[in-house]
Amino acid sequence: MKTLVLKPTRTQRIRGGHPWVFAGEVQKISGEEQPGEVVQVKDAKGKFVGLGTVNPNSNILVRLLTRMEETIDDDFWRRRIEEALKVRGDYLTGTDAYRLIHSEADGLPGLVVDRYGPYLSVQILAMGIEVRRDLIIQTLIDLVKPRGIFERSDVSVRRLEGLEERKGPIWGQTPPKSLIINEGPYQIGVDIQNGQKTGFFLDQRPNRLRVGELAKGRRVLNAFSYSGGFTMAAALGGATEVVSVDISAEAIALGEANAQMNGVSERCSWVTANAFDFLREQEKAKELYDMIILDPPAFTKSKDSIPGAIRGYKEINLRAIRMLRPGGMLVSASCSHHMDAQTFVSVIQDAANDSGRRLRQLDLRGAGIDHPVLPAAPETNYLKCFYGTVN
Ligand code: SAH
């Protein structure tokens, strides 16, 4: 097995449990490493650090798999998948759609597998998984026995690994264009083939369910609604009216169909618009709400663009706060990996200060247990959902 040696000064993050070794952190690399092969990482003193898959074409040179001197064979990958399935099987109830495998946090760096009823939606984001694709797929077939597996590796981050984007059926039946999944009290139509992400935003499930508990008797605005997951939760939770806005006409069409299916159409209205413009117009029109949900896409994909992201979050939160009736509830999410929870909450407080309103934080949540976090890699704790009242 080939060995990579870390620079003497660059070990703290890695020693602390972070699974990535960047190209700039190793002393030298022979150039003979095969993309995806397992290598051994040692520190400058020659002490064993771990085993991981190497990709000489990526800035993330090694993705560590283990800190133990163990054999990385087919059985190792199978055990890792079994461990991921066990967490879900033991602790998840009330839904037939959830993330089965969450990449680094499940010890399977670069592999995302989402379960939508009898179908799996798979995303391969790293070379270490790419070269073992057949093994991984066969193991999923053996262990999960799905009706079909569809690949959604149509994401640009693959280019950072030197991989082309790819999308299409891998095995078994191709999922229907509108697959119905169950989440708590409502059903959602999911388009695995063409929907955003792997078909749906599974990470927000606990927050959707929570909104369902809090929405009773409220007039709700759901901004950045996608297919209306929060809308269904609020409407079935007893909201008097839910207005949903998204920039994507496809998302709004899915939302309308979902409202129909759940029998809540008459209390729901749908707007295809840029939410920034819509919030501005609504504020100008002096619209008032009792609950406003903000769930925008990540405003920053890198550390450099954090100031711009902060301005974006501040603007939408300020407009939302101004439109809330006294006692109204703000449910405000950020899925930017580079924005930590403390910074995010302080942006919301800043917005409250500008509005002169009094903000109380009731809760701050993340994703569900099907999206585990690596404490040593804070960026894996990417989803923040703030709940507060405004007086
Ligand atoms: N809340 C949703 C997920 C939202 S994801 C759920 O629970 O399923 C973010 C959404 O924001 C996407 O649907 C995307 O189409 C939409 N979006 C992106 N930019 C936008 C903008 N400027 N205005 C409105 N919607 C936008």
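**Ligand shell**

I began with the shell around the ligand and sorted it by class: nine residues are nonpolar, four polar and three charged. In this sorting Ala, Val, Leu, Ile, Met, Phe, Trp, Tyr, Cys and Pro count as nonpolar, Asp, Glu, Lys and Arg as charged, and the others, Gly among them, as polar.

I noted that this is a predicted model, in which local features need pLDDT of at least 70 and side-chain atom pairs count only at pLDDT 80 or more, while totals for chains, interfaces and linings use all residues. Residues are numbered from 1 along each chain as its sequence is written, and side-chain values use heavy atoms, with hydrogens and water left out.

I then asked which of the 16 residues around the ligand come nearest. They are Gln196, Arg208, Asp246, Ala275 and Asp295.

For Asp295, an N or O atom of the side chain is 2.6 Å from a ligand nitrogen. With Ala275, a polar backbone atom is 2.7 Å from a nitrogen atom of the ligand.

**Salt bridges**

I searched the whole structure and found 33 salt bridges. The term requires a side-chain nitrogen of Lys or Arg within 4 Å of a carboxyl oxygen of Asp or Glu.

I looked up three of these pairs. For exposure I used relative accessible area: buried is under 20%, exposed is over 50%, and partly exposed is in between (1.4 Å probe, protein chains only).

- Arg159 and Glu165 meet through their side chains at 3.8 Å, N to O. Arg159 is partly exposed at 46%, and Glu165 is partly exposed at 35%.
- Lys197 and Asp203 have their closest N and O atoms 3.4 Å apart. Lys197 is partly exposed at 34%, whereas Asp203 is buried at 3%.
- Arg322 and Glu283 have their closest N and O atoms 3.0 Å apart. Arg322 lies in helix 9 (residues 306-323) and Glu283 in helix 8 (residues 275-284), so this pair ties together parts that are 39 residues apart in sequence. Arg322 is partly exposed at 39%.

Helices here are DSSP runs (H or I, at least four residues), as are strands (E, at least two), numbered from the N terminus.

I also traced shared partners: salt bridges join Glu130, Arg133, Glu151, Arg158 and Arg166 into one network.

**Aromatic pairs**

I counted seven aromatic pairs. Rings of Phe, Tyr and Trp (its six-membered ring) pair if their centres lie within 6.5 Å; planes under 30 degrees apart are stacked, over 60 edge-to-face, and the rest tilted.

Phe76 and Trp77 are edge-to-face, with 5.6 Å centre to centre and 85° between the planes. Phe76 is buried at 1%, and Trp77 is buried at 2%. The ring centres of Phe276 and Phe299 are 5.8 Å apart and their planes lie at 45°, so I logged that pair as tilted. Phe276 lies in helix 8 and Phe299 in the loop between strand 16 (289-294) and helix 9, so the pair ties together parts that are 23 residues apart in sequence. Phe299 is partly exposed at 23%. Ring pairs link Phe276 and Phe299 with Phe224, Tyr313 and Phe344 into a cluster.

Technical notes. A residue is near a molecule or strand if one of its heavy atoms lies within 4 Å of it. A polar contact is a pair of N or O atoms within 3.5 Å; within protein, one must be able to donate a hydrogen and the other to accept it, and residues adjacent in sequence count only if both atoms are side-chain atoms.
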